[in-house]
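Subject: Structure for you to look at

Hello,

Here is the structure I said I would pass on. Please open it first, then read my notes below with the model beside you.

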Amino acid sequence: MKFKRKSSILICTLLALIASTSCKEKKESKELENIVEKKNNYVEVITNGMDFETVDEIKSGWTTFKYINKSFEPHFFILEKMPDTLGLTTYKKDLFPPFISAFEHFEKGEMEAGMKEFENIPEWFFKLELAGGVGLTSKKTTSLSTIYLEPGTYIMECYVRMPNGLGHVFMGMIKELKVSLESNDNEPPKADFKIGISSEKGITFIDSIKAGNYMLAAKFEDQKQYEHLMGHDVNLVKIENDSLITDLNNWLNIVDFNAFRSPEPDGLLFLGGVEDLPAGQTGYFEATLEKGNYVLISEIPNAVNRKMIKRFTVY
């Protein structure tokens with residue numbers, strides 16, 4: 001009986017120790033998760049080739065995207081908020097056919113026939129809400145942008161063109177992202193400098209800035225739809241010399257079927273930015289500026305003539 005009693009006591013003691021250890025491990029694990037969550041307060045998006053690797057759902061509110069472009073092509077991603085209950089399946093089913101048909105006509109030089117294909121674009125497309133994203137990012141480069149996301153279903157896409165003219169979106173650079181009703185309770189970043197973006201005034205910014213790390217606020221004073229059916233954005237580009245501005249302007253002129261094809265012209269380094277946002281909204285992006293020449297430019301047709309470009313130097 002004594003042996004049995006001692007055995008029972010021993011077993012109870014072991015069970016208590018196991019339970020205590022388990023609780024401690026769970027607590028430590030939870031604490032570690034919290035630390036990681038606080039340390040990495042961003043949504044990571046990785047491109048290895050023609051893809052977007054990221055989570056399927058995030059909380060609503062101010063969201064920082066860390067875009068890691070591991071590929072050998074320039075990329076970006078814009079977020080488009082889908083109307084009602086529509087999602088990626090509808091997006092591909094309704095939009096891919098007219099755009100691919102238009103591409104096939106353009107490739108043959110049949111510009112008029114290609115433009116006619118756009119008449120088959122569904123009405124819901126014009127109800128899409130442009131919700132920002134990360135600006136153009138060169139190969140092997142990382143960009144960080146912060147935007148405010150309302151609850152809903154978003155499409156993430158990149159439409160830079162392949163060397164043959166087909167958009168990256170048709171090669172796999174498209175993903176559905178759900179934004180839940182639950183808020184992340186994040187506050188907007190504190191900006192070091194402000195960039196103004198307006199279809200009337202163009203892009204406004206200071207003429208020179210000291211080398212360093214900065215948080216830049218991009219205020220969209222207005223917004224409009226241009227010939228490429230999208231609005232204006234802002235992209236940060238380091239340029240080797242001013243003579244490349246013409247090359248940059250021409251490469252971004254997406255209504256030219258031969259433009260916006262990868263790779264980008266030599267001498268240009270795309271460092272991110274903020275994709276199209278509605279009028280009155282502000283997006284943020286981080287910039288590590290080394291000495292040299294830079295421009296802020298919008299990916300729209302004829303950006304230079306529309307004053308949607310701003311040169312500045314870093315000293």
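Buried residues make up 48% of the 315 residues in the protein. Please keep in mind that this is a predicted model. The mean pLDDT is 89, and 87% of the residues reach 70 or more.

The protein has four helices and 16 strands. Take the contacts between residues at least 6 apart in sequence: 74% of them join residues at least 24 apart. The accessible surface is about 16500 Å², and carbon and sulfur atoms account for 53% of that.

The cores

In soluble globular proteins, nonpolar side chains tend to be buried together. Here the largest nonpolar core has 63 residues, and the members that touch the most others in it are Phe65 and Leu79. If you select Phe65, you can look for its contacts beyond four places in sequence, among them Val43, Val45, Ile58, Phe77, Leu79, Val134 and Leu177. There is also a second, separate core of 12 residues, which includes Met82, Phe96, Leu128 and Val169.

Salt bridges

A search of the whole structure finds eight salt bridges. I looked at three of them.

Glu182 forms one with Lys59, with the closest N and O atoms 3.4 Å apart. Glu182 is in strand β7 (residues 174-183) and Lys59 is in strand β2 (residues 57-69), so the pair links distant parts of the chain, 123 residues apart. Glu182 counts as partly exposed because its relative accessibility is 48%. Lys59 also counts as partly exposed, at 37%.

In another, the side chains of Asp207 and Lys310 meet at 2.5 Å, N to O. Asp207 lies in the loop between β9 (202-204) and β10 (208-209), while Lys310 lies in strand β16 (residues 309-314), so this pair ties together parts that are 103 residues apart in sequence. Lys310 is buried, because its relative accessible area is 17% and the cut-off for buried is under 20%.

Arg311 lies in strand β16 and Asp242 in the loop between β12 (234-239) and α4 (245-251), so parts 69 residues apart in sequence are tied together. Arg311 is partly exposed, with a relative accessible area of 42%. Asp242 is partly exposed too, with a value of 37%.

A buried charge without a partner

Where is Glu117 found? Glu117 is in helix α3 (residues 111-117). Glu117 is buried, yet it has no salt bridge. The nearest side chain of opposite charge belongs to Lys116, and it is 8.9 Å away. Leaving aside neighbours within four places in sequence, Glu117 is in contact with Pro98, Ser101, Ala102 and His105.

Backbone and loops

Most residues other than glycine have a negative phi, and most peptide bonds are trans. Some places in this model depart from that. The peptide bond from Ser262 to Pro263 is cis, with omega near 0°. Pro263 lies in the loop between α4 and β13. Lys140, in the loop between β4 (129-137) and β5 (141-149), has a positive phi near 55°. Lys307 has a positive phi of about 60° as well, although it is not a glycine. Lys307 sits in the loop between β15 (292-297) and β16, and it is partly exposed, with a relative accessible area of 48%.

One more loop residue is Pro278, between β13 (268-274) and β14 (282-289). Pro278 is partly exposed, at 31% relative accessible area. Which residues does Pro278 touch, not counting those up to four places away in sequence? They are Leu130, Phe220 and Gln223. Pro278 and Glu221 are 57 residues apart in sequence and 8.7 Å apart in space, C-alpha to C-alpha.

Regards

Technical notes. Residues numbered from 1 in each chain as written. Predicted model: local features only at pLDDT ≥ 70, side-chain atom pairs only at ≥ 80, totals over all residues. Heavy atoms only, no water. Helix = DSSP H or I, 4+ residues; strand = E, 2+ residues; numbered from the N terminus. Buried < 20%, exposed > 50% of the residue type's maximum accessible area, 1.4 Å probe, protein only. Lys, Arg positive; Asp, Glu negative; His and termini not counted. Salt bridge = Lys/Arg side-chain N within 4 Å of Asp/Glu carboxyl O. Contact = heavy atoms within 4.5 Å. Core = buried A, V, L, I, M, F, W, Y, C linked by side-chain atoms within 4.5 Å. pLDDT = per-residue confidence, 0-100. Areas by Shrake-Rupley, 256 points an atom, 1.4 Å probe, with all protein chains shown as cover.
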